[in-house]
Amino acid sequence: VQLQASGGGLVQAGGSLKLSCAASRRTSSNDVMGWFRQAPGKGREFVAASRWSGGGTSYADSVKGRSTINSDTAKNTVYLQMNSLKPEDTAVYYCAAGRVISTIPADFRSWGQGTVVTVSS
């Protein structure tokens with residue numbers, strides 16, 4: 001499956017962004033879509049994941065309560081709504097497709113190209 005992430009940009013601290021990830025196809029409602037991020041000089045970090053059906057939703061503690069992952073199955077698109085953004089949220093955000101709800105990047109077999117989120121203080 002091919003993934004296309006978009007929606008990144010420059011935002012002030014406290015602001016919001018909505019990232020989108022369009023998938024070329026969706027094989028099963030049980031398939032999992034995830035969001036990861038990678039800040040400069042750091043490893044890839046789990047942000048959120050959910051099944052296309054909406055079940056099994058999981059969030060990293062760092063974004064819990066500030067972010068929401070949901071999907072539009074008619075558009076084969078997954079979204080990550082991020083609110084109350086902080087400078088430490090600055091990173092390249094990647095969407096990924098897999099079969100299990102996991103925080104481990106290696107469990108996701110397909111990756112989008114990334115979209116840059118910059119939060120200014």
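## Exercises on Ser-102 and its protein

Ser-102 lies in the loop that links strand E9 (91-98) to strand E10 (108-111); strands are DSSP runs of E with at least two residues, numbered from the N terminus. The model is predicted, so local features need pLDDT of at least 70 and side-chain atom pairs count only at pLDDT 80 or more, while totals for chains, interfaces and linings use all residues. Residues are numbered from 1 along each chain as its sequence is written, and side-chain values use heavy atoms, with hydrogens and water left out.

**Exercise 1.** Determine whether Ser-102 is buried or exposed.

*Solution.* Buried means under 20% relative accessible area and exposed over 50%, with partly exposed in between (1.4 Å probe, protein chains only). The relative accessible area of Ser-102 is 9%, so Ser-102 is buried.

**Exercise 2.** Identify what surrounds Ser-102.

*Solution.* Begin with the side chain of Ser-102, which reaches the backbone nitrogen of Ile-104 at 2.9 Å. Next, set aside the neighbours within four places in sequence: Ser-102 is then in contact with Phe-36, Phe-46, Asp-107 and Phe-108, where contact means heavy atoms within 4.5 Å.

**Exercise 3.** Describe the fold of the protein and state how compact the protein is.

*Solution.* First, count the elements: the protein has eleven strands and zero helices. Then compare the radius of gyration (taken over C-alpha atoms) with the globule rule, 2.2 Å times the number of residues to the power 0.38. The radius of gyration is 13 Å, close to the 14 Å that the rule gives for 121 residues, so the protein is as compact as a globular protein of that length.

Technical notes. Helices (H or I, at least four residues) and strands (E, at least two) are DSSP runs, numbered from the N terminus. A polar contact is a pair of N or O atoms within 3.5 Å; within protein, one must be able to donate a hydrogen and the other to accept it, and residues adjacent in sequence count only if both atoms are side-chain atoms.
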